Each structure stands twice: as structure tokens, then as C-alpha cells.
Amino acid sequence: MTSTSFNPIPHYTVSSGDLPRIALLATGGTIAGSAADATRTAGYQAGALGVQDLLAAVPALGSVAHIHAEQVAQIDSKDMSVALWQKLAARVNALLSQPDVAGAVITHGTDTLEETAYYLHLTVNSRKPVVLTAAMRPATALSADGPLNLLNAVRVATDPISAGRGVMVAVNNQIHCARDVIKTSTYKVDAFHSPEIGLLGWVQDERVAFQRAALQYHTVESEFVGLSGELPAVEVVSSYAGVSRIAVDALVEAGVQGIVVAGTGNGSLHSLLQQALAEAVQRGVTVVRAARVGSGHVMHNGAAPDDQYGFVSAGNLHPFKARVLLMLALQAGVAHERMQSLFDEY
């Protein structure tokens, strides 16, 4: 089941009184998944349940916020698209521009949550809280984690101390920065971590607490707010033992504008791949060197002669987030000479 249009459902009231108004945008995922019986945590249908079902499972929301709910999509997040990112950002910006909306919560599948979160982190034009949440177990499972994650995400979105912190991810009682969080397990409830930088904060019961700030440019400080049009083609390749240059050569011939390479170690590259990427730069392709290892940072001119070949190092950005930033940078017309400083700043 797939939908890429915005179809607001009838207003679903889960509160009364003078509570903050939160926009809830549902996109499907495991948090809305359904399995044949309660013992199954795999082999379920993602996105099977609608947003009204998610809200009905968390009656405690009525004491936290007044919810305006919309069903944006009902997909397995493995099928997330750039077009849906753009539509989601536009809808978030439109809702947050309304004075009576205090923040936004987005329910999302776990597979591409970190990419969607980072795209929004760079394109949402508001200081109001935007919080993504998800689940590792379908809604029908024993001990489903979705209901508490949703409640906690709304709590984070309603708390005034959450403002100005960029887009966040609230799962498993933890609050992560969209820039730093990655999925680290195929099955654990505690699947999301920010390996290099650590948590932004935590949420438990009625308390929301932050331990650090997000220092890189984001949301209202981002130069990518308000961009429109098709995003340039950027693909990801990997370096590994015995790799060939076939993929790089094919992508260049296909006309991609950027390539992110997930290198070994400190972003190191097999000699054959390095040569292919250097030739790609000569043909006008922007090449960003990231690491496949999951944590740490890629030093400029560290494991490859970046300046000699015209490569950009991704710092501690995960390869797939580096792709998001590179797409936006190319769409904005950022000059090659500025690319390295841009990756340092974002």
C-alpha cells in the first residue's frame, strides 16, 4: 500500500482544554505494522494501520496534547522516496507556520528514518520542535514499542525546552539529533544510537531533559530551506577487498552529479576505486569520501589525498546522510571550492 499525496483525515480529537496543539504526520512503517498473530515480530505488513489506530492505542495522549493528525503515506520506509521527502518537508513547514501549532511529530519506518530526519533537519524552516519516532516491533506484537515511543515523541514536541534543537528522533526513552543518529540493529528495540556524539537527551514519564545542543547548522540556520525543484542524482558506492571500478564508471556514464563512497577505515579507498573516482571528479562529478565503519570521522587528506584528487571528506557524517547533504548542496549550486567547508559546517 503506497500513498504519496497528503490526505488529511477528519480531525481526530484526543484531548480537551488548553493543551498544546501538535501536528502528527503518519507515513507508515513498523510502528503501524500488522502481523498475523501477536508472537510475530518479523514477516508483518508495514504501514497496514492508519494514524487513527496509532492514536487510539495511546489514550494517554489526551492529557499531553491536542492532536491534529494526517495520513501522509502508508509505506514500508525501505520504499521512501526523495519526492516524499520534499512533500513531507513542505507539509511540516506549512503546519508549523500556523501560530497555534506548537510542534510536529512524524511516525516513520526505521529503515530510512535517519535519512528522512536529516533531510528535514536541513529543510524545515522553524524553531518549533520536529520529532520523528518509530518502532522495531509491529503494533500487533507482544510488548510493542510503538505506543510508548509515540507518547514520548509528543511529550518532547510539547516541551518548550525542545525548541531550536533541530529535528530530533525520540525512541526507547532517548532523544537523538537527526544529524547523528543511525540504526544499528536489525531486531533490537534499542536499535538507534548516536555513536560518535551521543544522545541529545532523554524522556521518561513527564520529564524531558537535554544534555547537549546540536551545534552544526540546521533548520532556520540552514541555507537549504526553501529550495524547490528536482534534487540532483547522487549515488553511494563502497570500497571493499577486490572492488572493481565498474559501478563508478557506470554511474558517471549515467550522468550522476555526485558520488558518496563508503570507504574502509578512515574512508580509505582501494586503488582501483580511487583512480575511478579521481577521473569522475575530472568529469565534473562531486565525490565525497565517507566511512563504512559506523563511527569516527573521516579526516580530510587523512587516508586519501583529497586535495590532489578533488575529493571532499564527510567528517563524521554517515555515508547515506552525506548523500542527503550533497544532493541539497548541488541543488543549491554550492561551488566545488566551498564543498569541504560546507561539510565541516553541517
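This is a short tour of the structure, stop by stop.

The model is predicted, so local features need pLDDT of at least 70 and side-chain atom pairs count only at pLDDT 80 or more, while totals for chains, interfaces and linings use all residues. Residues are numbered from 1 along each chain as its sequence is written, and side-chain values use heavy atoms, with hydrogens and water left out.

**Stop 1: the cores**

Select Leu-120, Leu-132, Phe-224, Leu-325 and Phe-343. These residues have the most contacts inside the largest nonpolar core, which has 56 residues. A nonpolar core is a set of buried Ala, Val, Leu, Ile, Met, Phe, Trp, Tyr and Cys residues joined through side-chain atoms within 4.5 Å. Buried means under 20% relative accessible area, exposed over 50%, and partly exposed in between (1.4 Å probe, protein chains only).

Now colour helix H8, residues 319-331. H8 supplies the largest share of this core, eight residues. Helices (H or I, at least four residues) and strands (E, at least two) are DSSP runs, numbered from the N terminus.

Zoom in on Phe-343. Its contacts (heavy atoms within 4.5 Å) include Val-288, Leu-317 and Leu-325.

**Stop 2: Gln-340**

Stay in helix H9, residues 336-345, and pick Gln-340. Gln-340 is buried because its relative accessible area is 15%. The Gln-340 side chain makes a polar contact with the side chain of His-300 at 3.0 Å. A polar contact is a pair of N or O atoms within 3.5 Å; within protein, one must be able to donate a hydrogen and the other to accept it, and residues adjacent in sequence count only if both atoms are side-chain atoms.

**Stop 3: salt bridges**

The whole structure holds 13 salt bridges. Each has a side-chain nitrogen of Lys or Arg within 4 Å of a carboxyl oxygen of Asp or Glu.

Select Arg-338 and Glu-223. Their side chains meet at 2.8 Å, N to O. Arg-338 is in helix H9, and Glu-223 is in the loop between strands E11 (207-210) and E12 (234-238), 115 residues apart. Arg-338 also bridges to Glu-345, at 3.5 Å.

Next, show Lys-183 and Asp-111. Their closest N and O atoms are 2.9 Å apart. Lys-183 sits in strand E8 and Asp-111 in a loop, so the pair ties together parts 72 residues apart in sequence.

**Stop 4: Ser-63**

Finish at the loop between helix H1 (51-56) and strand E3 (66-75), where Ser-63 lies. Ser-63 counts as exposed, at 58% relative accessibility. Its side chain reaches the backbone oxygen of Ala-60 at 2.8 Å.

Conventions
Lists of a residue's contacts leave out its neighbours within four places in sequence.
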